[in-house]
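Please keep the sequence and the coordinates in view while reading.

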Amino acid sequence: MRIGVTVFPGSNCDRDALYAIERTGAAPVELWHADADLKGVDAVVVPGGFSYGDYLRPGAIARFSKVMKPLEDFAKGGGPVLGVCNGFQVLTEAHLLPGALLRNVGMRFVCTRVPARVETAKTPWTSLFESGDRLTLPVAHNEGNYFADERTLRELEDEERVVLRYLDNPNGSLNDIAGICNAARNVVGLMPHPERVSEEALGSDEGLKVFESVLSFAGVRV
Amino acid sequence: MLEWRPMKVRVLVRPKSGILDPQGEAVRRALPALGFGGVGSVHVGRLIEMEVESAEEIDGMCRRLLANPTIEEYEWEVVS
């Protein structure tokens, strides 16, 4: 299985994501922002960072990169896509996920580890978890405060599309939302960084299961 | 040299009413701390000045890039 990682000017978690993918046994593939195709990958990770310096709004400029057109087609065709942190912001700006990520309530950049709960195993990126599983994951963001209008929020809850929920909300996000998926469940956005905890030497390997999940989902034994 | 005479447009983007505005809230709390009394709500937005050939596409620019309609509203005017 080949998993792509998009690289925008200002991405800074792309290497971590490529490394985590490599550790699962899948083949990591770099996808440059100016690429016109996805090089035939089976899944895509949009990594964290500060694409285009967060100018205008986080993700607002990256969303119009050349690589986003084939990525949007891939996502609409059911291909598994994971956006982490800035990647989550890019996916909301691209309307592949609903809502938006506002400034943290405390007006501070939060860089810490937070306890969170997996709310659904019914996505390619959480298929190896069970709902209710607890994880401790790094967060590092200034705009992680998830917002959606009331109707969207109700839809997300009713359709079990909240993928990850904070047990100790670091940013004021509505309903303690740390991650969501689209209606088709193939596109997932997470504010916490599973790729930063992909082996014990990094303090924990709890995040690796997110990447193993997409392999398992695709029928690869992990 | 531009081949057309530029028109100056000023676009104001701000948080939709009812949307939490942590920046405005931080400023609202900072003002009394400096001794400025009588401050009610504060909202922080973004001012974008552009030179354009015509104002025809400003709405499209606002909807697609300059503002995020999920959380922001915008207005614009021709300045000169």
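The largest nonpolar core has 69 residues, and the residues with the most contacts inside it are A:Val44, A:Val45, A:Leu71, A:Val81, A:Leu91, A:Val187 and A:Leu190. Helix H5 (residues 208–217) of chain A gives this core its largest share, 5 residues. A nonpolar core is here a set of buried Ala, Val, Leu, Ile, Met, Phe, Trp, Tyr and Cys residues joined through C-beta atoms within 7 Å. A residue is buried if 20 or more other C-beta atoms lie within 10 Å of its own, exposed if 12 or fewer, and partly exposed in between, with C-beta atoms placed from the backbone. In soluble globular proteins, nonpolar side chains tend to be buried together.

The model is predicted: local features need pLDDT of at least 70 and side-chain atom pairs count only at pLDDT 80 or more, whereas totals for chains, interfaces and linings use all residues. Residues are numbered from 1 along each chain as its sequence is written, while chains are lettered from A and ligands numbered from 1 in the order in which they are written.

Leaving aside neighbours within four places in sequence, A:Leu71 is in contact with A:Thr6, A:Leu38, A:Val44 and A:Val81, contact being defined by C-beta atoms, placed from the backbone, that lie within 7 Å.

Chain A contains an open sheet of 9 strands in the order E2-E1-E3-E4-E11-E10-E9-E6-E7, with mixed pairing. Its edge strands are E2 and strand E7 (134–141) of chain A, each of which pairs on one side only. The twist averages 25 degrees from one strand to the next. Helices (H or I, at least four residues) and strands (E, at least two) are DSSP runs, numbered from the N terminus, and two strands pair if DSSP finds at least two bridges between them.

At the E2 end of that order, strand E1 (residues 2–7) of chain A runs parallel to strand E2 (residues 27–32) of chain A, and 6 bridges join them. Within this pair, A:Ile3 has A:Pro28 as its bridge partner. Further along, strand E3 (residues 43–46) and strand E4 (residues 81–84) of chain A are parallel and share 3 bridges, with A:Val46 partnered by A:Gly83. Helix H3 (residues 86–93) of chain A lies across E3, E4 and strand E11 (187–190) of chain A, at about 120 degrees to E4(A). Such angles run from 0 to 180 degrees between N-to-C directions, with axes being lines fitted to C-alpha atoms, for helices over the stretch in contact.

Towards E7(A), the pairing is antiparallel: strand E6 (residues 110–118) of chain A pairs with E7(A) over 8 bridges, and A:Thr112 stands opposite A:Val139. E6(A) also runs antiparallel to strand E9 (residues 162–166) of chain A, through 3 bridges; there A:Arg117 and A:Arg165 are bridge partners.

Chain B has an open sheet of 3 strands in the order E2-E1-E3, with antiparallel pairing. Strand E2 (46–52) and strand E3 (72–78) of chain B stand at the edges with a single partner strand each, so one side of each is left without a neighbour in the sheet. Strand E1 (residues 7–15) of chain B pairs with E3(B) over 7 bridges, and B:Leu12 has B:Glu75 as its bridge partner. Helix H2 (residues 58–66) of chain B lies across E1, E2 and E3 of chain B, at about 40 degrees to E1(B).

Conventions: Contact = placed C-beta atoms within 7 Å.
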